[in-house]
Amino acid sequence: MKKRLLTIFVCAIFAMTAVAQNKSNHLPDILKKDTTAYQTKNDIRLSIGLDEGIPTADLSKYSSFVMGASLQGEYLVLKELGITLSANYLYFLGKDGGDGLSMLPALGGLNFYITPRVFLSGQLGASWYIGKDSDHDTYFTYAQGIGFQASKRISLLAKYEGINVGPSKTYSFAGLRVAYKFFKQK
């Protein structure tokens, strides 16, 4: 499953790079400069999002679906580069009526805008398990993905997120974040 996701991700990047190499008049309308979604340096944005996904690797044995919510801030240091901070709540639904699992990830990272509407995202951070059997450990967490600004307020991010919970054991999922930007300051 990881190999398939990696292959899809690499193909998408090569396709976008090839499109970006062409002259702008040959670009599809959706990738041309769009002032409705175009960002400017020093923008500050806050968004709230729904995170949904399908567990992969170790976790797919115990969970059938991942759902959650996130709050993310972004500061654009350049038109093409934003620094992100996010706090999430993730719930991994148990399979066959089994108990679910709740995690609280906190991540920081970068968004690189390939075009004003298409961006690559990468984040690193920590997660904490919350529940009655919580051991208060901190787990290394990472996420990467490719996003699309559907409008001034709505963005979509196809992502892969992993939480390293022990030696050779990762709770991971492939999913989608649908976000609504409710605050923007220049």
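Which residue in β5 stands opposite Leu-110? I looked this up first, and Gly-122 is the one.

A note on what I am working with. This is a predicted model, so I kept its limits at hand: local features need pLDDT of at least 70, side-chain atom pairs count only at pLDDT 80 or more, and totals for chains, interfaces and linings use all residues. Residues are numbered from 1 along each chain as its sequence is written, and side-chain values use heavy atoms, with hydrogens and water left out.

**Strands**

I took strands as DSSP runs of E with at least two residues, numbered from the N terminus, and called two of them paired if DSSP finds at least two bridges between them. I started at β2 (residues 63-78), which runs antiparallel to β3 with 14 bridges. Two residues separate these strands in their hairpin, and Val-66 has Phe-92 as its bridge partner in β3.

Next I followed β3 into β4: the two are antiparallel and share ten bridges, with Tyr-91 opposite Ser-102. Their hairpin has six residues between the strands, and there Asp-96 takes a positive phi near 50 degrees.

From β4 I moved on to β5 (residues 118-130), again antiparallel, with twelve bridges and a hairpin of four residues.

**Core**

**Rings**

I counted four aromatic pairs. Rings of Phe, Tyr and Trp (its six-membered ring) pair if their centres lie within 6.5 Å; planes under 30 degrees apart are stacked, over 60 edge-to-face, and the rest tilted. Tyr-113 and Phe-119 are tilted, at 5.3 Å centre to centre and 45 degrees between the planes; both residues are buried. Phe-140 and Tyr-142 are tilted too, at 6.1 Å and 35 degrees.

Why does Phe-140 count as partly exposed? Its relative accessible area is 44%. Tyr-142 is also partly exposed, at 22%. Ring pairs join Phe-140 and Tyr-142 with Tyr-160 in a cluster.

Note on methods: Buried means under 20% relative accessible area, exposed over 50%, partly exposed in between (1.4 Å probe, protein chains only).
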